[in-house]
Amino acid sequence: MCQDYQHWPFTARMNIHIGRTTAEGNGQIETAARDAGAHDMITKLPQGDETLLDRSFKDGHDLSGGQWQRLTTTRTFIRDAPLLICDEPSAALDARAEHAIFVHLRARAGTATTVLITHRLANVRHAVAIYVLGKGHVIEEGTHDQSMELKGRYASLFKLQAAATSATPRYTTLLLSRGAQRTPCAAK
């Protein structure tokens with residue numbers, strides 16, 4: 001599962017099922033889609049999982065980057081492989097979809113191995129081992145707590161990211177929706 005994923009000109013179901021050598025029932029596809037935060041998105045497609053995902057065909061439909069990433073994640077989760085390598089698996093996802101993916105990845109703990117390559121350090125907090133790379137070499141390793149105690153690059157970056165999410169906003173948010181007038185939210 002990675003930030004660059006393949007767009008196949010097939011139905012949503014075939015995009016999920018592609019590469020499987022054994023047939024998967026609707027229940028397995030639905031479970032994988034729920035784990036990837038993609039189930040609701042798929043059911044809202046014009047023909048559900050039978051929607052053709054290529055606009056160059058009649059009645060074809062396209063997905064946003066985040067929707068493609070959720071669909072690709074579903075493709076990955078249905079395989080239930082003993083080793084999963086994830087390269088920035090939530091790069092194009094909203095917070096809910098990202099949460100769904102990491103709940104599933106944490107549930108694999110003890111039964112399968114996940115290698116997670118990410119810059120979003122909150123997502124690795126529960127990892128068994130964290131390796132920080134610098135100039136192509138491992139410069140730190142340990143659990144989250146051990147890495148924080150080192151007060152090195154990991155701790156510095158983790159604190160920086162945590163501070164960004166807990167800081168008091170100093171700007172006004174502007175909410176936009178299709179057909180709505182622009183209305184600024186009151187800053188408190």
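Asn123 sits in the loop between β2 (113-117) and β3 (130-134); helices (H or I, at least four residues) and strands (E, at least two) are DSSP runs numbered from the N terminus. The model is predicted: local features need pLDDT of at least 70, side-chain atom pairs count only at pLDDT 80 or more, and totals for chains, interfaces and linings use all residues. Residues are numbered from 1 along each chain as its sequence is written, and side-chain values use heavy atoms, with hydrogens and water left out.

Asn123 counts as buried because its relative accessibility is 18% (buried is under 20% relative accessible area, exposed over 50%, partly exposed in between; 1.4 Å probe, protein chains only). Not counting residues up to four places away in sequence, Asn123 touches Ser90, Glu98, Phe102 and Leu116 (contact means heavy atoms within 4.5 Å).

## Glu98 and Arg120

Arg120 forms a salt bridge with Glu98, with the closest N and O atoms 2.8 Å apart (a side-chain nitrogen of Lys or Arg within 4 Å of a carboxyl oxygen of Asp or Glu). Arg120 lies in the loop between β2 and β3 and Glu98 in helix α5, so the pair ties together parts 22 residues apart in sequence. Glu98 is buried at 15% relative accessibility, whereas Arg120 is partly exposed at 30%.

## Other salt bridges

The structure holds 6 salt bridges. One of them joins the side chains of Glu50 and Arg13 (3.4 Å, N to O). This pair links distant parts of the chain, 37 residues apart. Arg13, Asp49 and Glu50 are linked in a salt-bridge network.
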